[in-house]
Amino acid sequence: MSVSLSRYLVEKQRAKGHITPELRLLLEVVARACKGISHAVTKGALGGVLGSAHSENVQGEVQKKLDIIANEVLIEANEWGGHLAAMASEEMEEIHVVPNRYPQGEYLLLFDPLDGSSNIDVNVSIGTIFSVLKKTSTGSEVCTQDFLQSGRNQVAAGYCVYGPQTTLVLTVGDGVEMFTLDKEQGSFILTHENVQIPHETQEFAINMSNMRHWDAPVKRYVDECLAGTEGVRGKNFNMRWIASMVADVHRILTRGGVFMYPWDKREPHKPGKLRLMYEANPMSWLVEQAGGASTNGVKPILDITPTSLHERVSVVLGSKAEVDRITAYHTHPEH
Ligand code: P6P
């Protein structure tokens, strides 16, 4: 008997009280929005949705048409339900407060509506990343400050990867589950329960073209991987870099590995390229819930207290033994 996402969420709500009816509604609405995004992505050139939108996002990056479409799908799907107070997106400089014509709820939804945009026009896997917080301030109008909570405060996090399958990966703080979209039924079906990342791995993911810009600990780790059986690691390593965080993290959740997007000398004033609130935090919680680890090279990403909505962070996540090793190279380089 296949278990749909809806049935899974009802049973999770009923059995363990892990989620409220409003959070269940939120997650079902986000999943439905991801189905709509998957449909638009899959149409590709046939839907006239490829290519640039000839505009820039808050990061100063050129927006693709599908970036904007995905953002609009998530906004329109979520603003009427009464479960949210506001939303924040990589594609919007300011938060989007739920309009007065709708009731406001207690949840805050953050998302990167379409991560991996450089892969859209070349038909490589991309995805939607989302994170859910609760509004902690009472009485006052929701504002950006309400979003600036550490990743430990997340009540739900996940992503939907648009690849050969459309798969939703979710945690509400009680492990990680994967749901594969049955496009005939239009339902997400539970296909992987209690996902666990192997502690050991022989696969690393990093953009090797940045090697000359890396700091010493990252260079040391990658050099040791490349030295293979003749080096200190005594084993050979494989390398993967899809340039879609969602796809790289999905591989790591599925078969292990370590993903690194470290600080580098190209823009020394930035702590890293990836965004803390709607990329690193949700991915870090998923990875920790699956038995892995995630740090900024020095401390757990989930322990970082954000100071701005779009702040960036250095990311090292995946198989715990490898993340611990890389973090130790940063904190105890003498070892
Ligand atoms: P680079 C996609 O733009 C993204 O934000 C992540 O999904 C991905 O891991 C990274 O940037 C790729 O960056 O510098 O290799 O293109």
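Which residue in S2 stands opposite glutamate 56? Let's start there this morning: the residue is valine 62. Before going further, please keep in mind that this is a predicted model.

Strand S1 covers residues 52-56 and strand S2 covers residues 62-64. The two run antiparallel and are joined by two bridges. Together S1 and S2 make a hairpin, with five residues between them. If you look into the turn, you will find glycine 60, which has a positive phi of about 80°.

Next, the eight-stranded sheet. This one is open, and its strands come in the order S4-S3-S5-S6-S7-S8-S9-S10, with mixed pairing. At the edges stand strand S4, residues 96-97, and strand S10, residues 187-192. Each has a single partner strand, so one side of each is left without a neighbour in the sheet. For S4, have a look at strand S3, residues 84-89: S3 and S4 pair in the antiparallel sense, over two bridges. Within that pairing, methionine 87 has histidine 96 in S4 as its bridge partner.

There is another open sheet, built from five strands in the order S12-S11-S13-S17-S15, and here too the pairing is mixed. Its edge strands are strand S12, residues 238-239, and strand S15, residues 293-295, each pairing on one side only. S15 pairs with strand S17, residues 315-318, in the antiparallel sense, and three bridges link the two. One detail to find on your screen: threonine 295 stands opposite valine 316 in S17.

Where does the ligand sit? In the largest pocket.

How about individual contacts? Asparagine 207 places a polar side-chain atom 2.8 Å from an oxygen atom of the ligand. For tryptophan 241, a polar side-chain atom lies 2.9 Å from a ligand oxygen atom. Lysine 273 also has a polar side-chain atom facing this list, at 3.0 Å from an oxygen atom of the ligand. And how much of the ligand does the protein bury? Taken alone, the ligand exposes 400 Å², and the protein buries 84% of that.

Definitions and conventions: Residues are numbered from 1 along each chain as its sequence is written. This is a predicted model: local features need pLDDT of at least 70, side-chain atom pairs count only at pLDDT 80 or more; totals for chains, interfaces and linings use all residues. Side-chain values use heavy atoms; hydrogens and water are left out. A polar contact is a pair of N or O atoms within 3.5 Å; within protein, one must be able to donate a hydrogen and the other to accept it, and residues adjacent in sequence count only if both atoms are side-chain atoms. Accessible areas come from the Shrake-Rupley method with a 1.4 Å probe; for residues, only the protein chains shown count as cover. On a 1 Å grid over the protein atoms alone, a cavity is a set of points where a 1.4 Å probe fits but cannot get out, and a pocket is an open set with protein on both sides within 12 Å along at least five of seven lines; lining residues have an atom within 4 Å of a point. A molecule sits in a cavity or pocket if more than half of its atoms lie within 2 Å of its grid points. Two strands pair if DSSP finds at least two bridges between them. Helices (H or I, at least four residues) and strands (E, at least two) are DSSP runs, numbered from the N terminus.
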